[in-house]
Amino acid sequence: MTWAERWATIERFLPQLWDGTLVTLQLVGLAVLIGLFFAIPLGLARASRHWYVRALPYSYIFFFRGTPLLLQLFLVYYGISQFEVVRKSFLWPYLREPYRCALITMTMHTSAYIAEILRGAIQAVPPGEVEAARALGMSRRQALQYIILPRAIRIGLPAYGNEVILMLKASAVVYTITMMDIMGVIRTINSRTYQYELFFFVAGVMYLIITLVFTQLFRLVERWLKVDASRQQR
Amino acid sequence: MTIRLSLASLALGLLFGLLGASAKVSDKRVPRLLGGFYTSVVRGVPETVWVLMMYFGTVSAMNAIGAWFGNPQLSLSPFVAGTFALALCFGAYATEVFRGALLAIPKGQKEAGQALGMSNLRIFWRITLPQLWRVALPGLGNLYLIMLKDTALVSLITLEEIMRKAQTAANATKEPFTFYLLAALIYLFLTVFIMGALHWFERRANRGFVRTEL
């Protein structure tokens with residue numbers, strides 16, 4: 001097979017590959033955004049002074065960080081259907097679809113990681129600044145809203161960027177529950193063309209490009225939020 | 001099987017990591033470029049892709065090699081393919097950990113070694129490596145825990161590890177939730193066990209060092 005023929009084969013499947021890319025991007029994008037939303041209360045509770053507030057988010061985070069995403073995916077997609085209650089409930093039409101299952105699992109998975117990042121960031125806020133805010137007469141709530149969270153976001157942003165890229169790579173397993181993401185499309189093409197080497201290579205290149213784009217995007221956001229500036233003050 | 005797979009990948013991955021790190025801190029251009037290429041490419045591509053590529057993507061290459069030795073049916077077993085794929089990924093991340101650790105070792109020690117007439121290999125073996133272990137241990141521990149979870153991906157190429165067994169049991173009994181939860185608990189147990197072992201190793205490696213308290 002010559003290079004021209006190889007390229008022709010790839011070109012023939014370009015529309016499908018593009019669709020797969022969109023599915024992957026959509027899944028990852030939604031998961032990390034909704035995950036961030038859920039992670040904020042989780043991370044705050046995780047950084048609490050009281051052990052009984054810490055206990056629940058701790059076990060949640062422990063479970064989701066300690067088991068493989070693939071397993072969690074199967075637990076949600078295949079596992080839940082074991083219960084008659086769920087199958088009969090009004091939620092079933094929603095939970096039956098692989099797309100929603102993948103989104104739910106990835107969101108839960110990533111929110112555990114983001115919560116942990118947030119906790120680290122909150123605890124990295126210099127205690128002096130919090131004390132200063134309190135000394136100026138801010139309430140606990142105000143201190144959290146105006147001082148701690150804006151600082152924590154800047155401290156945690158690089159780690160959040162890493163998490164997005166890790167999720168992008170982790171999302172490659174959703175093809176196992178019949179999702180047509182990049183990997184799903186590649187598998188279908190492989191079973192039609194038997195060009196395993198070629199199309200796994202294509203998959204690798206596609207993920208690599210998305211990773212590079214994401215890295216650059218986050219670099220821009222970091223510059224925009226002046227993450228470096230807040231780092232120098234420490 | 002999960003444990004065996006993760007240990008095999010750990011051993012091979014550490015080797016990749018050490019080689020990668022020595023390439024990256026080398027004062028010659030070519031190894032530095034190769035090392036950089038290795039880490040950025042491997043870390044930019046999902047582990048799933050590596051695992052599948054190692055298994056399905058090497059069939060014709062292995063057949064060609066096999067034909068050369070007079071055995072055209074030669075192919076990588078799921079275990080070997082999985083080990084290579086996981087080790088490749090582990091090695092790329094370990095390269096960065098080792099590189100950081102190598103840079104943390106004062107240059108004067110290497111020069112002292114040279115002044116005493118030790119060969120470069122000997123300096124590495126006797127002076128650098130023992131200290132590298134101590135500095136790199138926490139980072140490597142994290143990577144090992146991540147890799148342990150990535151072993152679940154090897155079930156995709158039909159290796160009979162925890163994930164695959166759980167799948168078989170779930171299909172046979174029609175109780176997927178029970179068996180996947182059981183598998184999850186096994187992973188959690190392994191994680192806790194490894195964390196304990198790491199803690200012990202770290203304490204041992206840090207004998208005689210005062211920890212910086214903030």
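Guide: Let us start with B:Lys174, which sits in the loop between α8 (162-173) and α9 (176-205) of chain B; helices here are DSSP runs of H or I with at least four residues, numbered from the N terminus. This is a predicted model, in which local features need pLDDT of at least 70 and side-chain atom pairs count only at pLDDT 80 or more, while totals for chains, interfaces and linings use all residues. Residues are numbered from 1 along each chain as its sequence is written, and chains are lettered from A and ligands numbered from 1 in the order in which they are written.

B:Lys174 has a positive phi, near 60 degrees, though it is not a glycine. This lysine is exposed, with 9 other C-beta atoms within 10 Å; exposed stands for 12 or fewer such atoms, with C-beta placed from the backbone.

Now to the meeting of the chains: 29 residues of chain B are in contact with 27 residues of chain A, contact being C-beta atoms, placed from the backbone, within 7 Å. On the chain B side, the elements giving two or more residues are α2 (29-44), α3 (47-56), α4 (59-68), α8 and α9. The largest share, nine residues, comes from α9(B). By class, this side of chain B has 21 nonpolar, five polar and three charged residues. Nonpolar covers Ala, Val, Leu, Ile, Met, Phe, Trp, Tyr, Cys and Pro, charged covers Asp, Glu, Lys and Arg, and the others, Gly among them, are polar.

Chain A has a positive phi to show you too: A:Tyr194, at about 60 degrees, lies in the loop between α10 (182-193) and α11 (196-224). A:Tyr194 is exposed, with 12 other C-beta atoms within 10 Å.

Note on methods. Buried ≥ 20, exposed ≤ 12 C-beta atoms within 10 Å, placed from the backbone. Contact = placed C-beta atoms within 7 Å.
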